[in-house]
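Q: I am new to reading protein models. Can you walk me through a strand and then a cavity?

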Protein chains: 2
Amino acid sequence: MKLLVVGSVAFDAIETPFGKTDKILGGAATFIGLASSILKTDVSLVSVVGGDFPQEYLDLLTSKNVNIDGVEIVKEGKTFFWSGKYHNDLNSRDTLVTEVNVLENFEPKVPAHAQDAEVLLLGNLHPGVQLSVLEKMAKRPKLVILDTMNFWMDTGGDVLMEMIAKTDVITINDEEARQLSGEYSLVKAAQKIHTLGPQYVIIKKGEHGALLFHDGKIFAIPALPLEEVFDPTGAGDTFAGGFAAHLAKTGDFSFENMKSAIIVGSALASYTVEKFGTERIAEITAEQLKERMAEFKQLTTFEVDLDL
Amino acid sequence: MKLLVVGSVAFDAIETPFGKTDKILGGAATFIGLASSILKTDVSLVSVVGGDFPQEYLDLLTSKNVNIDGVEIVKEGKTFFWSGKYHNDLNSRDTLVTEVNVLENFEPKVPAHAQDAEVLLLGNLHPGVQLSVLEKMAKRPKLVILDTMNFWMDTGGDVLMEMIAKTDVITINDEEARQLSGEYSLVKAAQKIHTLGPQYVIIKKGEHGALLFHDGKIFAIPALPLEEVFDPTGAGDTFAGGFAAHLAKTGDFSFENMKSAIIVGSALASYTVEKFGTERIAEITAEQLKERMAEFKQLTTFEVDLDL
């Protein structure tokens, strides 16, 4: 099946305890596109960049068979730019700069060839933009996946709630799930979020892994324990990208296959954090993905036969 | 095999967002003994209580076939008492009262029938007391399991390090692992702790589950997501108790069986938090343990076959 992605294609400047970068390639749609390409999923991006965006970055995406017909180039505009500095534990960060630039008046255009995509991944963006992409589809996709964050909960109001109501799978982190639901228990939070629309709720817990809730069932997966997290930027986008790409690739939206999709997303995200920005995810092969998925299996397999 | 346990038998007074108790039955050895009894493990406790300790609490342990010959009663003394108040998220708490009482001058006595126990669980206590129990064994147990906490890292100094050096399996939480090792990454922390003695390092992460490290291998298990955590008191002790009891019961100290032991501990701990103090764990049957272990299996099972 086809996967259509809307999200930012951007510049990031990142500082971690291990070093800092100048403006490098970033953006939710970029990470998602690169993650999808590893699964050889038919993926198209909808986004916008400025005239300052290097051709080599666009070429990188194209070379990975990520379709960028839907990435508009506003020649007189500047590309979205984010700069942040991570704290020593890498679990929190300060935003130093946010220049919205061409994203300010972004009116997404969905190329004709992607309007019948069966899977739509709405990457982290203004919920109004996410909603407008859904409305531009020829028909409602079979699966709508929404990635959002606390910023839109603080500012997005009714539009966010309207978007959530039209969503099949929502991915948010634990604090966001608590904020959105007003419940501390993540089990109760997921129950409440189900009533807002999404049949599937994925709660990302960073170094503690992820939870999937559906129809009273729960799946839990730890994160792969890593010796070093070098740069967490894009890990959540990579996770969402791997998840959506696996579902689109297989065309199977069952709970069982969503579990596998979560492992795909987790495995790819565990690569992303090993280097700055997109550097690591851009070099990962299908073989390496399989290796890391096998590591997840080994990490979590146990026997429960008790002789009592 | 026989399991010998040293730890507190105590009074707790607990306040959570859901209610508060007067002085109720508590203490590390109590939770461990009750957890072990569910597995019908041959378990003996070494501890001390005061003349104020109710006979009915001792009778409860005896009725569960927990051997309390090693629980000294100091008639003129008072039982250890701890009182604490949990914050709203139940992840942190304030200690309101600690009355050490008879634990102050506790000189543990190991009954003759337990001096050849193959598995020794040193529950959270002064490391000097833990060490003295190890020294009183007829021969070195086949497996020495140490539970300790940040308080002893702050105050225990060389004695704690001497105890750790003689330990096979250490169980601590994530913050304690970081404190003990000076490493933020839990993978690096475990590597460093291995060099202090323990071949097996278990890192407890509360609502985020647990990790087992051994010889370059890692096992990770999420906690069972619960709608409501009523009272976390004793969850760590229950975990250690279930873990040690399974190993003693099976006599198999392989990495594979330690994984199962961690599931036993996690399953029992997930019951403990459902009511105040020992109330819930005291009523759990082997059948209920098996049910919850099956839930853990369901929670974490996934397929990784990728067609790429």
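**A strand and a cavity**

Q: Which partner strand does β1 (residues 2-6) of chain B pair with, and in what sense?
A: Two strands pair if DSSP finds at least two bridges between them. Here β1(B) pairs with β9(B) in the parallel sense, over 4 bridges. B:V5 has B:L121 as its bridge partner in β9(B). This is a predicted model: local features need pLDDT of at least 70, side-chain atom pairs count only at pLDDT 80 or more, and totals for chains, interfaces and linings use all residues. Residues are numbered from 1 along each chain as written, chains are lettered from A and ligands numbered from 1 in written order, and side-chain values use heavy atoms, without hydrogens or water.

Q: Are the faces of β9(B) covered or open?
A: Buried means under 20% relative accessible area, with a 1.4 Å probe and protein chains only. Both faces of β9 (residues 119-122) are covered. B:V119 and B:L121 are buried on one side, B:L120 and B:L122 on the other.

Q: Where is empty space left?
A: Rolling a probe the size of a water molecule over the atoms shows it. On a 1 Å grid over the protein atoms alone, a cavity is a set of points where a 1.4 Å probe fits but cannot get out. This structure holds 1 cavity of 30 Å³ or more. Its lining, residues with an atom within 4 Å of a point, includes A:H208 and B:H208.

How values were computed. Buried means under 20% relative accessible area, exposed over 50%, partly exposed in between (1.4 Å probe, protein chains only). Helices (H or I, at least four residues) and strands (E, at least two) are DSSP runs, numbered from the N terminus. On a 1 Å grid over the protein atoms alone, a cavity is a set of points where a 1.4 Å probe fits but cannot get out, and a pocket is an open set with protein on both sides within 12 Å along at least five of seven lines; lining residues have an atom within 4 Å of a point. Grid points are joined across faces, edges and corners, and a volume is the space filled by probe spheres set on the points.
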